[in-house]
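Please read the report below with the sequence and the structure side by side.

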Amino acid sequence: MSRLRLSRRTFVKTLIATGAAATLPSVAKLAETWAAESHSPHARKTQRRWVMVIDLAACDGCKKCTAACQKEHFVPFGQEWIRVFETGNNPYDKQNFPLPCQHCEIAPCVKVCPVAATYHNDEGIVLVDHNKCIGCRFCMAACPYGVRFFNWTEPKHSPQEQFVQYSPEFPVPHRKGTVEKCMLCAHRVKIGRLPACVEACAAAEMWAIWFGDANENLVTNGRDVAKLTDLLAEGRAFRYKEELGTHPRVYYLLPDRRDRRPADSRKPAGKSDDPYRP
Amino acid sequence: MTPTVPDPHPEERPVLRPLQRTGWGFRLLVAALLAVIAAGAYAYVTQLRLGLGVTGLNNRVTWGIYITNFVFFIGVSHAGTLISAILRVTGAEWRRPITRMAEAITVFALMVGAPMVLIDMGRPERILSVFRYGRLQSPILWDVISITTYLTGSLLYLYLPLIPDMALLRDRLTEVPRWKRALYRALAAGWRGTPRQHAALERGISAMAIVIIPVAISVHTVVSWIFGMTLRAGWHSTIFGPYFVIGAIFSGIAAIITAMGAFRWVYGLGGFLTDRHFRNLGYLLLTFNLLYMYFTISEYLTIAYGAEVKDTTLVHALFYGAFSHVFWVMLIIGLVLPAVLTLIPHLAPIDLLRRVPALRPIPLGVGAAILGGVGATLHVRGVAYVNTTLGVHHDVVLVAAGVLGAAAFLALLPVLKQRPVASIVLASLLVNAGMWLKRYIIVVPSMALPITPTEWATYQPTWVEWSITAGAFATFILLYALFAKIFPLISLWEVREAKVPEPAPGARAQEVVA
Amino acid sequence: MKAAVVLLVLAGILGMITGRAVAAVSTRLSVTGPSTVGMGEEISVEARLTTADDRPIAGAVLTLFQVGAVGQRAMSTATTDAYGIAWFLHSEFTVAYLSLRVAYAGDAARAPANADLSVEITGIEVAPAVVMPHTPSLPVKTVLFLLLGIVWLTYAFAASSILGIVREGGPRRGGGTARVVR
């Protein structure tokens, strides 16, 4: 009795009929959106494509980039939007490794965001809209570079911060329960200034961070202007975790291509087992 | 008013008794559960007020035991599908008394599991954004869609076979409170048991039984894809979909056995939930246990053999490192012991254990007393004191505790062999605990693993997380207990059908009038 | 007359303050070049440096820059001939829309000058800033929603059987016809 006594023909017929009726309008709507998508704006003539190049040979690990970034964005306590790692097992092997958001072209964080709170702006910068972020932290789980941070509690607000008009390009004041990250100083780039970390690195006379537009093939470190492709070739550039296919827009110049600074000026790093030496 | 005619189904009284009378035990249970839930609610209010900073989560380990609970409960929810739908579709007759309990587990596990994600969110007030701005390429959207579909479907699938029983209660339980009678009358949907009603019911149940199986499989596959779609070591694995589905069915069977054991004991439903049911479900549990072992071995062997740095780092931490205690406890209590316990009637050498003198109660008791004393000293006076004064290293104490535990288990085996039902219920309890630990092992180590040139991250759940977790489990038990007070736990009409040879439509009409 | 003297004196003071600038002869720089070339083809830029009254300046060193958002990069230099003309040759392989600037730095006698030129290089693709597709394609969506639709329609089908049961049961109010299912 309780075995299947469903009249199969009626069932299938009803299913197909109602199915067709119910899905046709949605298919039509989908076709509409698809048509709209295929007419998406082509690359404009002056399409910007911002890139950053970090010269590991020039970086001495002073962390002034981090400090400048924190000052510029009122970065909440406990976050380092550009973090300088120390790698290597001994003083002779020590290497500084600044790590900002890699602004991936194929960004794992953008892929997984359920509400489009994290997105590429039209200059290729990965931004977070804190008015939309639901705080699920899926992007943090997805990011292979660990450069995303969460406001676990209400961040401390400085008085200056209160006068800032929030925009995803300058995400201040910071909000509890949302995800934060380096936004490549989109607010400064927009008005023709260099990112805070680049300026700070130049001010420290290290000139280790280059910034520019890949479509113009021009980058600057605050002192020199160089051809990006030449810089990358001469510096034997690599991208961090290139094999993941995320296509980062941050390049690193190999540290070992020039004479290293004398080892005696360095502290022992004390890191014993680093599985991911860049 | 009492029925004047003799009761034609006296064997159903144990099923109906809980619906008619409420004892002090039940009230105490509800009070205790409400207290736990209140503590959880207080913890959640604290979290809402101060932010997720009150948890042990940090920028490295961003998901912790909330997500562990989420995966665990979604897994448990697979009980209903497997037991009820698959057994119904394949026409397994012995399923009849247990379908209702299984379907109820599905509904309540989903009701408790799905909100765990909401609790984990930094901005729970923006939950509706998922519908407003939802992006189809986010696995979270897949989850929202499939869990909504699954919850709707399982509610429908729970309700449909309830209809004839609702009519039965409407007509039989005349002395219950007014609201209950109104509820039964409404839910019975005018059921009189006519052939056309039966046909309609069968049609609905059959359609649901078929469609709920792929939906259930999709749900846990999609849950696994939340992890599988990222690039993290230990998560980014192609077997994650089936691995999670098998794990879900495994823990679902364990949950249904636990529930059956509890209700058989509390309500005396032995007439319906016979040893045969426990034995059959025990074999199913064993099957999925072996399948899960197979998946576990193939998962870890593959990544350890390939030996990418990130994979070996993870495997090393699981096998020997910071997570090894959780990992091995999970393997032993979640997979190995349950396998022994479900196989117990077939393990002849177990009787020999009775003859081992060390496993008698007195030597075991003495051993436990000594160990307890040392352990208490360790706890009170500290490790250093025990090392120097007693000359015992605390690792030795831990090993001794393990050996003693194993000995106690071995001593228990001959006893359990005499009680196969008890051993299967014990196995199911162990599987539940083991599978929760397994979910923890899936979620946390992959996040704590260094993905940049740093050390391992640490994660220690706080009282807020534990309170909310306890509250979630209490809510699940409370929902189930309340369900057991309102609805019959056994699908009475289906059990009756199995006893009566299928009558002709005309005969059924007569039966109705009688 | 007196006013003229005062003006002259003021002009002299001004001249002393501003120094060379006033004394320097203003110059004019004009460039001509192709507006479109193919990738790797020679871009020949002709620059002519004259004084404001159109007399050619010979022997002046001009520099060709590429101008970008973050600054300008010197690419080559050339010296003007007797007609004030200098030629630059450049081949471009990477930049699709090249902004060029020819600049004359000036010296003690002549003021600096510069002139801009844009060249479109065909055959070089401008890489888009946003490469990631933001939605699944239509066929994927359609298949997904069809599958989902089938599931929900089956639900509707199952739910309709409840309606069948209700219709068959008819209205039942009060306890008049109680105890029909035992």
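## Confidence in chain A

In this predicted model, chain A has an average pLDDT of 82, and 76% of its residues score at least 70. Where pLDDT is low, the predicted coordinates should not be read in detail.

## A covered strand in chain A

Which way do the residues of E1(A) point? A:Trp50, A:Met52 and A:Ile54 point one way from the strand, while A:Val51, A:Val53 and A:Asp55 point the other way, and all are buried.

With strand E8 (residues 209-213) of chain A, E1(A) pairs in the antiparallel sense over five bridges, and within E8(A) the bridge partner of A:Trp50 is A:Asp213. With strand E11 (residues 250-253) of chain A, E1(A) pairs in the parallel sense over four bridges, and here A:Asp55 stands opposite A:Leu253 in E11(A).

## Domains and sheets of chain C

Chain C is divided by a domain assignment into domain 1 (24-122) and domain 2 (133-172), and the C-alpha centres of these two domains of chain C lie 70 Å apart.

Five strands of chain C form an open sheet in the order E2-E8-E7-E4-E5, with mixed pairing. Strand E2 (36-38) and strand E5 (71-79) of chain C stand at the edges, and each has a single partner strand, so one side of each is left without a neighbour in the sheet. On average, neighbouring strands of this sheet are turned by 30 degrees against each other, with direction ignored.

Another open sheet of chain C is formed by three strands in the order E1-E3-E6, and its pairing is antiparallel. At its edges stand strand E1 (27-32) and strand E6 (85-91) of chain C, each with a single partner strand, so one side of each is left without a neighbour in the sheet. Here neighbouring strands are turned by 20 degrees against each other on average, again with direction ignored.

| Strand pair in chain C | Sense | Bridges |
|---|---|---|
| E4 (residues 61-68) and E7 (residues 97-104) | antiparallel | five bridges |
| E3 (residues 42-51) and E6 | antiparallel | seven bridges |

## Where chain B touches chain C

How many residues does the contact take from chain B and from chain C? It takes 32 residues from chain B and 24 residues from chain C. On the side of chain B that touches chain C, the elements giving two or more residues are helix H7 (139-159), helix H8 (162-172) and helix H10 (195-228) of chain B. H10(B) gives the most to this side, with 10 residues. Sorted by class, the side of chain B that touches chain C has 17 nonpolar, 10 polar and five charged residues.

Key
Residues numbered from 1 in each chain as written. Chains lettered and ligands numbered in written order. Predicted model: local features only at pLDDT ≥ 70, side-chain atom pairs only at ≥ 80, totals over all residues. Buried ≥ 20, exposed ≤ 12 C-beta atoms within 10 Å, placed from the backbone. Pairing = 2+ DSSP bridges. Contact = placed C-beta atoms within 7 Å. Nonpolar A, V, L, I, M, F, W, Y, C, P; charged D, E, K, R; others polar. Axes fitted to C-alpha atoms, helices over the stretch in contact; angles between N-to-C directions. pLDDT = per-residue confidence, 0-100. Domains from an automatic or database assignment.
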